[in-house]
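My entries follow in the order I made them.

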Amino acid sequence: MYQIENPILTGFNPDPSLCRVGEDYYIATSTFEWFPGVRIYHSRDLKNWSLVSTPLNTVALLDMKGDPDSGGIWAPCLSYADGKFWLLYTDVKIVDSPWKNGRNFLVTAPSIEGPWSDPIPMGNGGFDPSLFHDTDGRKYYIYRPWGPRHHSNPHNTIVMQEFFANTQKLSPERTTLFTGTPLGYTEGAHIYRREGYYYLLVAEGGTSYEHAVVVLRAKTLAGPYELHPDVSMMTSWHLPENPLQKSGHGSLLETHTGEWYMAYLTSRPLHLPGIPRLAAGGRGYCPLGRETGITRIEWRDGWPYVEGGKHAALTVPGPRMTEQVALGSGAWRTDFDSDRLDPELQTLRIPFDETLGSLTARPGFLRLYGNDSLNSTFTQSTVARRWQHFRFRAETQMAFSPRHFQQSAGLTCYYNSKNWTYCFMDREEDRGRTLKIIQLDHNVAHWHLYDNPIPVPDEVENVWLRVEVDALTYCYRYSFDGENWQTIPLTFEAWKLSDDYIGGRGFFTGAFVGLHCEDISGDGCYADFASFSYQPES
């Protein structure tokens with residue numbers, strides 16, 4: 001039996017929803033304001049996963065322009081029944097209000113690659129929707145409602161409505177299944193059926209260090225449901241030293257070999273020798289965001305338990321199946337030699353189209369057109385990928401000819417529209433092209449190198465930019481020939497690009513590194529990027 005190493009999906013990949021079709025396994029994860037919406041990974045062994053689908057890839061399926069930070073796609077649910085895939089998702093439009101407001105939709109497809117159907121509206125009065133396909137063919141829609149009564153405690157209710165697939169309508173009758181435990185923040189509900197019982201799996205405690213998986217069971221679908229003997233089936237709250245924290249939001253699955261596993265949300269604080277734990281009662285910051293782990297489940301007296309204890313473990317035994325070939329070290333590079341963006345890359349809120357850029361205007365280059373600045377939630381020309389390691393370097397080669405200070409292009413480390421750094425080239429009236437850095441920290445701007453910017457020689461056509469991340473800190477470097485590198489003498493805090501530092505009502509994503517071009521003058525400009533690479537460091 002081989003060992004599975006956690007997290008199985010590194011970097012920002014939260015709210016996993018497990019699905020099996022024969023001997024093929026899938027996980028769908030949340031993407032929030034990053035486009036395309038929902039990422040679906042495939043595995044044959046539960047250990048090695050590859051991205052196979054980003055289903056919400058058109059505006060007809062997902063229109064997020066103007067969505068707030070940490071709005072957009074929350075907690076998708078992927079299932080398979082009646083010969084097709086079913087995908088539920090919420091597009092959250094308001095997060096900073098007395099209660100959040102989102103729109104729920106259902107799409108289906110004959111294959112995981114699509115084509116996906118037109119979205120079916122599933123109401124706006126809740127979030128974390130799930131679809132249960134009972135053995136008699138009937139279908140049920142389970143979710144956490146919200147509204148003006150109160151968003152959180154004491155109304156931690158999970159409700160159910162029948163869904164009629166032939167008419168694509170929900171029954172107006174709602175059945176309350178559960179009103180929560182004292183942990184509160186009850187959400188992320190899924191229902192499973194096994195040996196005469198219905199099992200209701202929910203997340204509680206909030207999606208931070210108190211996070212937990214709670215399970216109940218009933219003889220009938222409508223209940224009444226009784227709580228698990230341990231109440232929480234999984235949590236890391238009782239073990240502050242555990243390397244995997246925030247464990248919760250589970251999704252169960254029975255393998256084709258008859259074994260049970262649960263995927264769950266987790267985060268890795270910066271637990272490194274000699275580095276103090278900085279936040280959340282000393283538990284640390286998590287710049288890689290909320291990731292996905294997996295654990296084995298054993299059944300005792302009709303109840304599921306996490307093997308080895310309720311905490312998340314760094315390694316778990318794999319199922320009884322042939323181990324697949326490992327997928328590599330995590331190094332990545334694109335030379336933009338395709339007519340489509342590499343699937344590791346995403347944009348903010350809107351699709352990559354002729355408004356944002358082109359992969360054919362200059363073959364072998366990504367051309368980004370200048371649009372809104374990095375603090376916009378509308379038309380922003382940013383193409384980025386996740387941080388997946390505590391130590392890495394990311395690099396690009398850029399050709400850019402700005403005409404004034406309102407035009408810029410470069411490399412960004414980005415958490416959300418109010419928290420980022422940006423190493424860029426612009427043009428000053430009396431100095432020509434220069435390199436500078438802006439930092440936005442809780443929406444407070446800090447201008448670096450503005451008094452003494454780095455001049456870019458007139459004869460230089462290409463500029464290479466690099467960011468080097470080393471656990472708690474990172475810095476930018478540049479080169480005018482791709483060989484001789486100079487370090488910009490500024491150090492930035494990597495831990496500030498984390499849920500734990502951002503706080504507030506929108507802290508659900510993770511750090512990205514990306515390419516950006518902006519023009520707030522409206523004159524029109526573009527930057528050409530010849531390559532983009534990501535190299536983990538040992």
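I looked for polar contacts across the interface of domain 1 and domain 2 and found 15 residue pairs, both residues at pLDDT 80 or more. A polar contact is a pair of N or O atoms within 3.5 Å; within protein, one must be able to donate a hydrogen and the other to accept it, and residues adjacent in sequence count only if both atoms are side-chain atoms.

I note that this is a predicted model, where local features need pLDDT of at least 70, side-chain atom pairs count only at pLDDT 80 or more, and totals for chains, interfaces and linings use all residues. Numbering runs from 1 along each chain as its sequence is written, and side-chain values use heavy atoms, with hydrogens and water left out.

I took the bounds, 3-317 for domain 1 and 332-536 for domain 2, from an automatic or database domain assignment. The C-alpha centres of the two domains lie 32 Å apart. Contact (heavy atoms within 4.5 Å) takes in 43 residues of domain 1 and 39 residues of domain 2.

I then checked salt bridges (a side-chain nitrogen of Lys or Arg within 4 Å of a carboxyl oxygen of Asp or Glu). The rule gives 3 across the interface of domain 1 and domain 2. I also looked up Glu-344, which forms a salt bridge with Arg-39, with 3.7 Å between the closest N and O atoms.

Last, I listed what Leu-366 touches, leaving out residues up to four places away in sequence. Its partners include Phe-336, Phe-352, Val-383, Leu-515 and Asp-528.
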